[in-house]
Structures are given as C-alpha cells and as structure tokens.
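Me: I would like to go through this model with you and ask what lies behind the terms used for it.

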Amino acid sequence: MGEKRAGAKSGDADQRIGRRGLLIGGLVAAVGCAAVARRELGHLWWRLPGVEKPRVAGAVDFRGARWVAASPANYRRADRPDDYAIDRVVVHVTQGGFDSAVKAFQDPRHGAAAHYIVRKDGHVTQMIRELDVAFHAGNRSYNERSVGIEHEGFVDRASSFTDAMYAGSARLTAAICARYGIPVDRAHIIGHVEVPGTDHTDPGLHWDWPRYLRLVRAAGAASARPHATA
Ligand SMILES: [Zn+2]
C-alpha cells in the first residue's frame with residue numbers, strides 16, 4: 001500500500017484468462033483428435049505449468065503465520081514459482097492500523113492486497129499464498145515476480161517501526177529468500193517506492209534498510225545452521 005491509494009488498482013485484471021487458458025488451448029489444438037485429446041488432456045493437465053498444486057485450506061507458507069484469506073478479487077491464482085520465478089521481496093507500509101489493512105485486503109473493492117502483514121508486535125498474518133500473484137506493487141511483472149509484505153504503521157512516523165516488527169519481518173523475508181534462492185541485498189529486497197512506475201512512497205525514510213538487511217542475514221544464517229531450533 002502506501003500513501004497514495006488512487007493508483008492501487010494494478011494492471012492484473014486483464015490477465016484473468018492467464019497462461020493456463022493459453023496453454024490448454026494450444027494443447028487441444030496440437031493433439032487434434034477429440035477422443036485422444038480428452039484422454040491425453042486428463043493426463044497432461046497436471047504436468048503443465050500454471051496448474052494449481054494441491055492446497056490445504058488455511059495452510060501458510062511461513063511457520064507461525066496466522067492465515068486470514070484476502071478477497072480473491074485482490075490477487076490472481078497462479079502456480080509460482082513454476083509459472084513465474086520469484087526474485088523480489090517488496091516492503092510496504094500500510095498507512096493505517098493492522099485491522100484496517102486486514103479489512104481492506106478482504107474487501108473485493110479494494111483491488112489490492114499483499115501476501116503478508118506484519119503487525120507492530122512482530123506477529124505475521126498471511127492473506128495470500130506465495131503460489132499466487134498478489135496485487136500489491138501496482139506493476140504486473142513486479143507482482144508476478146515478488147512476495148509483498150505490508151508493515152503496520154505510517155511512513156512519516158518513525159515510531160511505527162518497532163524492534164519486534166523488524167525482527168518478525170526479517171525472519172519472514174529470510175525464509176522467503178531461502179525458499180526461492182533470492183539474494184539478500186537491496187537489489188532484491190526493495191521498497192514499494194522502488195517499483196518501476198510507482199507513485200507510492202512506502203516504506204519511507206524512517207525504514208532502516210541497513211538494519212533490516214542485517215537482521216534478514218542474521219535470521220537466514222540462524223535457520224541455515226544444522227542444529228537450528230528456530
Ligand atoms: Zn505499498
């Protein structure tokens with residue numbers, strides 16, 4: 001999210017048919033014979049990129065996160081990282097309280113939502129699976145390639161960004177980077193403000209990037225140790 005809401009609607013709406021529709025269409029044309037097509041399609045369907053992996057209701061991608069589903073209008077179902085490689089984490093600030101951010105992401109009229117919201121006390125809520133393309137960056141290719149993390153608070157209030165929030169968010173980002181092999185640096189962990197074409201300013205000048213990256217690296221190193229108990 002961020003300061004400006006007017007531009008929140010992303011360019012994803014025109015992508016609803018998606019790659020799966022195109023791939024299946026092409027496959028049917030290639031196979032030709034209808035009877036064979038039906039049989040083959042039943043078999044091949046599951047091997048195509050863009051076909052959903054089995055999902056368990058309420059499952060989360062980050063251990064300890066609480067699941068609260070966003071409105072399906074605020075994301076696009078996908079099959080990442082098979083259909084879209086994930087190589088960015090985008091840091092946002094909600095410009096409001098935690099509860100109002102959750103409500104906004106549950107509202108189909110909002111047109112935007114991030115995968116995660118980190119509360120002031122460091123608690124992590126997941127609202128969209130990392131498999132799916134969340135409409136958070138206002139840029140289709142950046143939505144497709146990234147995981148979006150909102151932080152409760154305001155860009156112009158340094159007090160929004162607590163120690164607990166930095167720590168909780170850093171553990172989350174470290175886990176995402178480990179999962180997809182994303183380098184822990186400022187080229188790959190970016191603010192919404194750095195998304196091409198954006199008019200948003202979050203996370204703003206009070207967000208302590210050197211500290212955040214230090215914490216992400218430390219969290220990554222801790223969980224990579226052979227006998228880590230975290
Ligand atoms: Zn934002």
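Me: At what angle do helix 5 and helix 6 pack, and how far apart are their axes?

Reply: This is a predicted model, in which local features need pLDDT of at least 70, side-chain atom pairs count only at pLDDT 80 or more, and totals for chains, interfaces and linings use all residues. Residues are numbered from 1 along each chain as its sequence is written. Helix 5 (residues 163–180) and helix 6 (residues 209–224) pack at an angle of about 60°, with their axes 8 Å apart; axes are lines fitted to C-alpha atoms, for helices over the stretch in contact, and angles run from 0 to 180 degrees between N-to-C directions. Helices (H or I, at least four residues) and strands (E, at least two) are DSSP runs, numbered from the N terminus.

Me: Why are helix 5 and helix 6 called oblique to each other?

Reply: Angles under 35 degrees count as roughly parallel, over 145 as roughly antiparallel, 65 to 115 as roughly perpendicular and the rest as oblique. The angle here is about 60°, and helix 5 and helix 6 are therefore oblique to each other.

Me: Which residues make the contact?

Reply: Two residues are in contact if their C-beta atoms, placed from the backbone, lie within 7 Å. On helix 5 the contact is made by Y166, A167, A170, R171, T173, A174, C177 and A178, and on helix 6 by R211, Y212, L215, V216, A219, G220 and S223.

Me: What makes C177 count as buried?

Reply: A residue is buried if 20 or more other C-beta atoms lie within 10 Å of its own, exposed if 12 or fewer, and partly exposed in between, with C-beta atoms placed from the backbone. C177, which has its place in helix 5, has 23 C-beta neighbours inside 10 Å and therefore counts as buried. Leaving aside its neighbours within four places in sequence, C177 is in contact with V89, I182, V184, V216 and G220.

Me: How do you know that the buried residues of helix 3 are on the same side of the helix?

Reply: The buried residues of helix 3 (residues 98–106) are A101, V102, A104 and F105. They cover an arc of only 160° around the axis, which puts them on the same side of helix 3; the arc is that of the directions from the helix axis to the C-beta atoms. The face turned away from this buried side carries the exposed residues D99, S100 and K103.

Me: Against which strands do the buried residues of helix 3 pack?

Reply: They pack against strand 4 (116–118), strand 5 (124–126) and strand 7 (146–151).
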